[in-house]
Amino acid sequence: MCRFVLGTGVNAAREVEAVVIGAGQAGLSAAYHLRRTGFEPDRDFVVLDHSPGPGGAWQFRWPSLTFGKVHGMHALPGMELTDADPARPSSEVVREYFDRYERAFGLRVRRPVDVRAVREGSGGRLLVETPDGTWAARALINATGTWDRPFWPRYPGQESFRGRQLHTAQYTGPEEFAGRRVVVVGGGASGTQHLLELAPYAATTTWVTRRPPVFREGPFDEGAGRAAVALVEERVRQGLPPRSVVSVTGLPLNDAIRQGLADGVLDRQPMFDRVVPDGVEWRDGRKVAADVILWATGFRAALDHLAPLGLREPGGGIRLEGTRAVADPRVHLLGYGPSASTIGANRAGRAAVRDIRRLLAGEPLAA
Ligand SMILES: Cc1cc2nc3c(=O)[nH]c(=O)nc-3n(C[C@H](O)[C@H](O)[C@H](O)COP(=O)(O)OP(=O)(O)OC[C@H]3O[C@@H](n4cnc5c(N)ncnc54)[C@H](O)[C@@H]3O)c2cc1C
């Protein structure tokens, strides 16, 4: 078991080599590689997650997002995800798979444990503070994803709207919008999926996006993937807030999207200029009446608990070398920027553990 070293009694901090925050794709990949390279759960590392069960953010995704509709989920390292029924909700498929995975590799995720703050401790250790106690770690793997920080842009008149406003994070399926006039905001995968689902139920749908959507023809090969990741990586290297990988890959032109374009469901309008009590309006006087505004405007990295470490650059992002924070080599961010995809998260887990092993052994870190 981990040792109690700092403080006394109930306030004692439990000392471990590494703490992993988050048990989504990124956190589990890191935990797998820690375990594989000889780190013992509980004694050498702990995985803390504040969600009620396995599955990372997938456990919260809307039931109509079936496994067949996701863009391609890569299996975690060391265990394939086989025979998943494409008609089942991805939330269930992934929850069950992550559960099997955690048990197969004995990862002993502690949940629900909410990390409130990470701050400097004594002896070069980081204190990871939770209502369930504090851990004192020599290295930190932060894999907290984005689901907890839905992004709502601000538009004039938003508070005057008499209908309902919700974000993708609160969407549970199209049925409740039967007969309603819905405006969907956002040009990402979630926005188009919402529109295609809502169209048969809603009285009207209107799609608005800031930039014209970019549809991608043909398969997304490895070269294109690498180029997209490199774009995000460059921003992170400069200390700018990352754009999501999906935002630089474009929208795949699959059969459902093709049909939506042909039917006019995906007839994109430029972003409106203001919200009015009964709809949205453009500067030229055009107006669309609406009962619902669905903000499919994405998510931001959930990193508030790292604020005491002062890692943010003036540009608003956290500068990384690989997965390692340039400002603090003990801290790795996984699922952030270039590793914000299931395949990226897998790779990041391996890279972070390799780097942390060097750090703990006192060896020079890779440039
Ligand atoms: C709607 C949607 C669909 C997507 N579809 C795809 C797809 O098809 N293919 C693909 O590759 N990617 C997809 N992505 C992106 C994909 O979800 C991620 O890249 C990947 O699954 C995220 O894994 P993660 O481990 O970084 O984060 P998450 O799965 O979000 O896991 C983070 C974990 O950290 C925990 N946590 C957060 N804060 C704290 C805290 N303070 N204390 C303790 N625990 C905390 C959370 O409870 C959560 O379990 C999609 C994203 C969205 C929003």
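Reply: Two strands count as paired if DSSP finds at least two bridges between them. Helices (H or I, at least four residues) and strands (E, at least two) are DSSP runs, numbered from the N terminus. This is a predicted model, where local features need pLDDT of at least 70, side-chain atom pairs count only at pLDDT 80 or more, and totals for chains, interfaces and linings use all residues. Residues are numbered from 1 along each chain as its sequence is written, and side-chain values use heavy atoms, with hydrogens and water left out.

Me: OK. What stands opposite V183?

Reply: I293 in β16. Strand β8 (residues 181-185) pairs with β16 (residues 292-295) over four bridges, in the parallel sense.

Me: Which sheet has β16 and β8 in it?

Reply: An open one of five strands, ordered β7-β16-β8-β9-β12, with parallel pairing. β7 (164-167) and β12 (268-270) are at the edges; each has a single partner strand, so one side of each lacks a neighbour in the sheet.

Me: How are neighbouring strands turned there?

Reply: By 25° against each other on average, direction ignored. Axes are lines fitted to C-alpha atoms, for helices over the stretch in contact, and angles run from 0 to 180 degrees between N-to-C directions.

Me: Switching topic: what is the order in the open sheet of three strands?

Reply: β13-β14-β15, and the pairing is antiparallel. The edges are β13 (274-276) and β15 (287-289), each with a single partner strand, so one side of each has no neighbour in the sheet. Neighbouring strands in this sheet are turned by 20° on average, direction ignored.

Me: How many bridges join β14 to β15?

Reply: Three, with β14 covering residues 279-281. E281 is opposite K287 in β15.
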